[in-house]
Amino acid sequence: MQTNSRLSGTISVPGDKSISHRSIILGALSNGTTKITNFLRSADCISTMGVFRNLGVQIDDTPAEITVHGVGIKGLQAPKVDLDMGNSGTSTRLISGVLAGQPFVSRVMGDASLSKRPMKRIITPLSEMGSEIDAVENHLPMTIHGTQLHGIQYEMPVASAQVKSAIILAALQADGDTTIIEPVKSRDHTENMLERFSPDSIEKHDHQIVIHPHHELAGQAVHVPGDISSAAFFLVAAAIVPGSEVTIQNVGINPTRTGILNVLKRAGASITETNRTTGVEASADLAVKATELKPFTVTGHEIPGLVDEVPLLALLAARANGVSKITGAEELRFKESDRISVIVTEFKKLGIAIEELPDGFIIDGSKPWHLNDAKLNSHKDHRIAMTLKIASLLVDQPVTIKDFDSIKISYPTFNDDLAKLRS
Ligand code: S3P
């Protein structure tokens with residue numbers, strides 16, 4: 001372990017990425033203004049802002065708040081340029097749902113990583129609703145021929161909040177009701193926000209959502225809670241670095257996102273929740289203390305609730321005293337990198353006993369680590385970069401992480417927060 005790796009103190013993490021994207025999107029489609037506080041100014045959310053500006057929406061950005069001057073569902077303008085989604089899967093999939101119902105053609109593109117990610121998952125339902133989408137082998141760049149959409153009943157083959165949200169946003173513009181059925185409940189921020197912006201547009205049941213079109217959206221004030229997926233780096237760090245004791249304030253604890261907390265508790269981590277606020281998106285202060293950790297298993301039904309935290313759970317497993325198994329996580333192969341393969345490659349450099357499965361890993365945390373290769377690689381994936389940085393706190397020799405600046409995608413101030421907890 002590096003000297004002075006112990007983490008202690010209290011921080012707040014930046015705003016939730018998923019909620020920040022949605023506040024811009026629903027704000028733009030509303031009548032009236034939407035004021036957003038604690039908005040996440042990361043590269044992905046800035047991509048979403050840029051796209052809406054190119055669709056004719058005025059968005060003011062001051063240090064205190066973001067103001068979106070909504071134009072209404074029918075008020076977007078045809079873009080004069082290609083819509084650049086950068087690295088952002090959430091921007092691409094959600095905004096494609098919006099564009100599918102507009103009376104113009106848009107061309108959507110992104111960076112090299114985004115251009116490898118699967119788009120068939122949105123092309124299928126949006127085409128069923130009547131949209132015509134051209135995409136070579138279902139990858140970006142994609143041309144969306146917006147049209148009058150029809151309501152559908154859609155049973156989703158994979159639990160994905162991005163796909164669900166794309167269909168919801170398309171369905172708001174359809175000529176009839178749309179029913180969406182999810183195999184396992186994924187994050188429900190779009191539904192929660194829509195209930196506030198346009199209560200008559202949505203009916204929520206357990207695994208089923210019904211969208212009623214033709215209701216206007218009204219601009220709202222949105223306060224974005226801290227991102228649990230960013231807090232997770234320090235929750236896991238505090239659990240695994242001996243002697244640590246960390247509190248993270250105002251973390252969003254929407255139950256569709258808190259899978260990481262359940263697994264930490266199962267692994268025996270000392271975790272307490274205080275100052276809970278209720279409301280549309282609940283938040284709380286979370287405190288973690290380092291303790292001995294037990295091995296654990298995670299299976300498919302839990303994955304949607306912790307999908308972005310799986311690299312960190314692999315790290316937790318690598319410090320738990322026994323064999324842990326994570327399965328049902330095949331969706332990780334389609335993220336900013338193939339996170340299953342990349343975690344196995346990079347963890348082996350740290351001498352972690354990890355075995356790759358088609359849909360996850362087996363990790364024996366009882367075996368000591370031994371550094372095989374100090375040149376770690378983020379594979380330009382923000383969550384891998386930060387997971388490796390946390391892992392490096394437990395390595396007693398210096399390591400480098402290639403393309404570490406990919407953290408700007410979701411957590412540009414990660415290094416500052418880490419430094420605060422190490423000082
Ligand atoms: C997100 C949904 C998840 C998640 C991504 C953000 C969202 O993707 O991995 O980081 O904001 O809807 P899937 O819905 O594709 O699983």
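1. Start with the largest pocket of this predicted model. Its lining holds 35 residues. Nearest the centre lie Ala-159, Ser-160, Val-307, Glu-331 and Lys-335.

2. The space in the largest pocket comes to about 550 Å³. By residue class, the lining has 16 charged, 10 polar and 9 nonpolar members.

3. Where does the largest pocket sit relative to domain 1 and domain 2? Domain 1 covers 8–14 + 225–422, and domain 2 covers 17–219. Both give residues to the lining, so the pocket lies between them.

4. Buried here means under 20% relative accessible area. By that cut-off, 11 of the 11 residues of α3 are buried, so the helix is largely enclosed by the rest of the structure. Among the buried residues are Arg-93, Leu-94 and Ile-95. The list runs from Gly-89 to Leu-99 and also includes Thr-90, Ser-91 and Thr-92.

5. Now the open sheet. Its 4 strands follow the order β3-β4-β2-β13, with mixed pairing. The edges belong to β3 (58–61) and β13 (221–223). Each has a single partner strand, so one side of each lacks a neighbour in the sheet. On average, neighbouring strands are turned by 15° against each other, direction ignored.

6. Lys-35 has Ala-221 of β13 as its bridge partner.

Note on methods
Residues numbered from 1 in each chain as written. Predicted model: local features only at pLDDT ≥ 70, side-chain atom pairs only at ≥ 80, totals over all residues. Heavy atoms only, no water. 1 Å grid on protein atoms, 1.4 Å probe; cavity = no way out; pocket = protein on both sides within 12 Å on 5 of 7 lines; lining within 4 Å. Points joined across faces, edges and corners; volume = space filled by probe spheres on them. Nonpolar A, V, L, I, M, F, W, Y, C, P; charged D, E, K, R; others polar. Domains from an automatic or database assignment. Buried < 20%, exposed > 50% of the residue type's maximum accessible area, 1.4 Å probe, protein only. Helix = DSSP H or I, 4+ residues; strand = E, 2+ residues; numbered from the N terminus. Pairing = 2+ DSSP bridges. Axes fitted to C-alpha atoms, helices over the stretch in contact; angles between N-to-C directions.
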